[in-house]
Amino acid sequence: MDLTYSPAERAFQTDVREFLAENLPPALSRKVNARGELTKDDMERWHAILNARGWLAGPWPKAFGGQGWGPIEQHIFEEECCLAGAPRIVPFGLKMLGPVLMKFGTPEQQATYLPRILDGTDWWCQGYSEPGAGSDLASLKTRAERDGDDYVINGQKTWTTLGQHANRIFCLVRTKADGKPQEGISFVLVDLDTPGIEMRPIRLIEGGHEVNEVFFTDVRVPVTNRVGAENEGWTIAKFLLGHERTNIAGVGFSVQALEQVKQLAGKVMRGGKPLIQNTLFAARLARIEAELDAMKITNLRMLARAAQGGRLGAVPSMLKIKGTEIRQAINDLARRALGPAAAPFPSEDLDGNLPIAPEGHAHHAASYFNNRKISIYGGSNEIQRNILAKGMMQR
Amino acid sequence: MNFEMSDDRRMLAETMRRYLSEQYGWEHRLRVAYTAPYHDPQKWTGIAGLGIFYALVGEDRGGMGGAGFDIAVIFEELGRALCPEPLLGAVMAARLLSAAGAPLTDLLSGDQRYAVAIGELDAPYDLDGITCTAEDGGDGWRLTGRKSVVYGGGVADRLLVAARAEERLALFDVAADDADLRPYPMIDGGPAAELLLDGAKAKLLIADATSALTDALDWGALALTAEALGAMETTYAMLLDYLGTRKQFGQPIGAFQALQHRAVDLAIEIEQARSIVILAASAMAGPDQAKRVAQAKHLVGRIARTVAEEAIQMHGGIAMTWEYPVSHYAKRLVMIDHQLGDTDHHLERLIEQLQTG
Ligand SMILES: Cc1cc2nc3c(=O)[nH]c(=O)nc-3n(C[C@H](O)[C@H](O)[C@H](O)COP(=O)(O)OP(=O)(O)OC[C@H]3O[C@@H](n4cnc5c(N)ncnc54)[C@H](O)[C@@H]3O)c2cc1C
C-alpha cells in the first residue's frame, strides 16, 4: 500500500503549481476565492492562458491538441487549479462535446469544431433538459423533422447554463415519435444565431443569472450537423454521462472551501474568542474534515482503478453523492461562521463602502444557496442512488 | 389540557392572515422585499391600523395581549406569507420600553417604528462582548460605536441601543435622525442596516439593562421561531402539492418511495417544531422562559434548515429559481438561524443551564 503519487506524478504536480503561481492572474483568483460572479471575459481570459500552455484540454489526445493525460494527471491538474483559485474550465465544449466529437463525429465535424473549442471561437452550451424532461431525460419532446437537407426544430430547452455567453448549443432532439423513447433521439449541433431561436434568462435563488431557457420555432439546421446516426443520440448521451467523471467528487473545491472556513473561523469572534475556539463550531469543522480526508482517499482509490483500466461501474455515483454532500456541508459552515454578517444581500456597492463580512467572505450565504444545485443537476442524488441500487441489487 | 387557541387569538390570526393574503400578494412581496426601503410603509401602517401592535403588550401597558401566544400567532402568520415587515423590532422594543416604564403609545399605534440595536460585528450574539460606549458629557448622553445588521434599522424612527456606560450595560433611545444608518436588503429580503454612532445624542432608558435585554432577546427569538413555523408550513404545503403534480417517468414524483419517506420525515420534524414553539410560548414571563426559548431556537434552527434544503432537493431545479416561491421561503428558513443566536448559540445556553444546574 502506498498512498502517495509516483515521482513522475509529483514532478507534474510541481509543474502545475509553478505554472499557476506564474500565470494565474491574482485578480481572477481573488474573485474566485471570494465567490464573486465571473464575467465572460474572466472565463475567456483563463481559457486563453491555459490554451497557450496546451493545458486547456489536457485529457484530449495529442492528435486533437491535448496532452493525452490519464485520470491521475487530470486529477492533479484540477485539484491544483482549485487550490490556487483558478476559474473553473467551462465544461460544455471541452469536457462534453469534445469527447463526443472524437468518438462519434465525422472527420469534417472534428476538423471544424475541435480547434474552435480550443481557441475560444465557439462557446458551447448544453441543451438536454426540458421543462417536462429533467430526471426522465428520455421523455424529451423537442422535435426535429426532416425537410430536405435540413432538420426543422421546434420545442424548448431549459436550465441552459451560461447560454447567455454561448454561440452554439448541442441538443438532444426527438427524430422519431413512436417506439421506445430512448430510440427516437438524435444529437444535433445548433448555431444560436439561427433564426427562430430565443434565449431568456432564468434568475436563480440567490439572484444571479447563470441559466436560461431556449425556445426553438421552426429552426432550420443542416442534417450534416447531426452527430452520430439518426436516432442514436441516446447512446451519445450515455457515453457523455459515463465520460467525464474524474472531478465528479469536487474534492478540490471542498479542500479549498474548507481552508477558507478555517481562516474565517480564526477571524470572526463569538463570545469574546475567535470562532475556531468555540467547541461546537470546531466539532462541526472537525467532523467535515474527517469526511473530506476519507473522501480524498476514496477518490484516489477510484482514480487508481481507472488509471489501470479497471471498470468503475456505478462508483462515480457514489463519488457524486458523497462529494456533493461534503461540499454543501462546507458551504453551510462558511455561511454559519458569518453569523448575522451573512444576512446582507450580496452587492458590490455594499462590500466596497462598508464591509460587514471579513474581506473576501461576503458571498458565503449566496454561494451556499447557489450550491444547492450540485445535488440536483448532472443526475440528481436520488437518481444516482437509483443507479447504485440497481447495480447492487442485480448482482 | 387544551391545545386549542382562544377565540381572541384565533381572531388575531385570521385578521393577520386575511390582511396579508389580500394586501401582500406574492408579486408585491417580492418587489418590496428587495427594493428600498425593503418593506412597504403603507402596509406597515395598514397592519398597525388593524390594531395588531396592541397584542404585543398586556392591559397594564395599554395593550390587550402580551402573552407568548399572542406573539407566536402574529409571527406565524407573517412567516406563512413571508412578509418582510420589520415587526421584530416592535416586539423587542415593547418589552424594553415596558421594562423602562416608558410610554408605549406611539409604538402601539404604529406611529413610531422601533428597531433594537444590540449585536455588533465582534459580538453578534452575546451581551458581554458589546463595546459600543455611552458617555454623559454634561449636555446629555452620547453614544459611540457600531451596531451591525440592525433589523429594520434603516426604516425605524427610533433605535433602542445597548451600550456600555462605565461598567454597566445600559439601554438608550436614539432618534434615527441623530444616527448614521446605512440601510441594505437582506439576502432573504427585508430591511437591515449598519448603525454608525459617533457621539450620537441619546436618552438613557435603563441604566442596568442586562436582564431587560436578555428578556427582549428571548421574546425576539420566540417570534422568530413562530415565524419559521409559519414559513415551514407554507413550504411543506407547496412541496406536497408539487410531489403530487410533477410527473417524471410517467408518474407523479410523489409516487417514489425515496421521496415519500423523506417528505414524511419533514412532517414529523415540523410537528416537533410546532410543539417546541408552543412550549416556549407558554413559558414566557415564567421561570422557564430562558430554557424553553433556547430549546425552541435551537431545534427550530436545525429543523428550518432541514425543511429548506429538503424542499429544494425534492422539487428539483424549479426550486432553485427566483420565480418559484419555495426558493424565497427556503432562504428565510435558513437565514432565521442567523438572527438572535443560531442553533449552536442556543445549544450552548442549554449546556450551560444543564451544567450549572
Ligand atoms: C443550476 C442548474 C444548472 C443546470 N444546467 C443544465 C444545463 O446546462 N443543461 C441541461 O441540459 N440541464 C441543466 N440542468 C438541469 C438538470 O440536469 C435537472 O435539473 C436535473 O436533471 C433534474 O431535473 P428536474 O429539475 O426537472 O427535477 P425532476 O426530474 O422533476 O425531479 C424532481 C425531484 O424528484 C426526484 N426524482 C425524479 N425521479 C426520481 C426517481 N425515479 N426516484 C426518486 N426520485 C426521483 C429528483 O431527484 C428530484 O428530487 C441544470 C439544473 C440546474 C438547477
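Predicted model: local features only at pLDDT ≥ 70, side-chain atom pairs only at ≥ 80, totals over all residues.
Two elements of chain B, α2 (26–34) and α5 (88–100), each give two or more residues to the side of domain 1 that touches domain 2. Of the elements on that side, α5(B) gives the most, with nine residues. By class, the side of domain 1 of chain B that touches domain 2 of chain B has 16 nonpolar residues, two polar residues and one charged residue. No salt bridges are found between domain 1 of chain B and domain 2 of chain B; the count is zero.

The domain assignment divides chain B into three parts. Domain 1 spans 7–109, domain 2 spans 114–208 and domain 3 spans 212–355. The C-alpha centres of domain 1 of chain B and domain 2 of chain B are 22 Å apart. In the contact, domain 1 of chain B takes part with 19 residues and domain 2 of chain B with 20 residues. About 1,400 Å² is buried between domain 1 of chain B and domain 2 of chain B, and 78% of this lies on carbon and sulfur atoms. Three residues stand out on the domain 1 side. B:Y34, B:Y38 and B:L96 supply 33% of the area that domain 1 of chain B buries against domain 2 of chain B, more than any other three residues.

Chain A also has three assigned domains. Domain 1 covers 7–89, domain 2 covers 124–233 and domain 3 covers 248–393. Between domain 1 of chain A and domain 3 of chain A, the C-alpha centres lie 21 Å apart. Ten residues from domain 1 of chain A and 16 residues from domain 3 of chain A make up the contact. Domain 1 of chain A and domain 3 of chain A bury about 1,200 Å² between them, with 65% contributed by carbon and sulfur atoms. In domain 1 of chain A, the residues that lose the most area to domain 3 of chain A are A:R35, A:H75 and A:C82, which together account for 43% of what that side buries.

Polar pairing across this interface was also counted. Zero salt bridges link domain 1 of chain A and domain 3 of chain A. Four residue pairs, both members at pLDDT 80 or more, are in polar contact between domain 1 of chain A and domain 3 of chain A. Helix α4 (residues 71–84) of chain A gives the most to the domain 1 side that touches domain 3, with six residues. The residues of that side of domain 1 of chain A divide into five nonpolar, two polar and three charged.

The interface between the chains comes next. It takes 47 residues from chain B and 49 residues from chain A. Together, chain B and chain A bury about 4,000 Å², 62% of it on carbon and sulfur atoms. B:I187, B:M320 and B:W322 supply 18% of the area that chain B buries against chain A, more than any other three residues.

Five salt bridges cross the interface of chain B and chain A. In one salt bridge, the side chains of B:R305 and A:D332 meet at 3.4 Å, N to O. Polar contacts number 22 residue pairs across the interface of chain B and chain A, with both residues at pLDDT 80 or more. The elements of chain B that give two or more residues to the side that touches chain A include the strands β3 (141–151), β6 (180–185), β7 (191–206) and β8 (247–248). They also include the helices α8 (257–283), α9 (289–315), α10 (325–335) and α11 (343–355) of chain B. The largest share of the side of chain B that touches chain A comes from α10(B), with five residues. By class, this side of chain B has 22 nonpolar, ten polar and 15 charged residues.

The ligand lies between chains A and B. Around the ligand are 29 residues, of which A:S135, A:T161, A:S380, A:E382 and B:Q313 come nearest. From chain B, an N or O atom in the side chain of B:R246 is 2.7 Å from an oxygen atom of the ligand.

Terms used
Residues numbered from 1 in each chain as written. Chains lettered and ligands numbered in written order. Heavy atoms only, no water. Domains from an automatic or database assignment. Contact = heavy atoms within 4.5 Å. Buried area = accessible area lost by both parts, 1.4 Å probe. Salt bridge = Lys/Arg side-chain N within 4 Å of Asp/Glu carboxyl O. Helix = DSSP H or I, 4+ residues; strand = E, 2+ residues; numbered from the N terminus. Nonpolar A, V, L, I, M, F, W, Y, C, P; charged D, E, K, R; others polar. Near = heavy atom within 4 Å. Polar contact = N/O pair within 3.5 Å; in protein donor to acceptor, adjacent residues only side chain to side chain.
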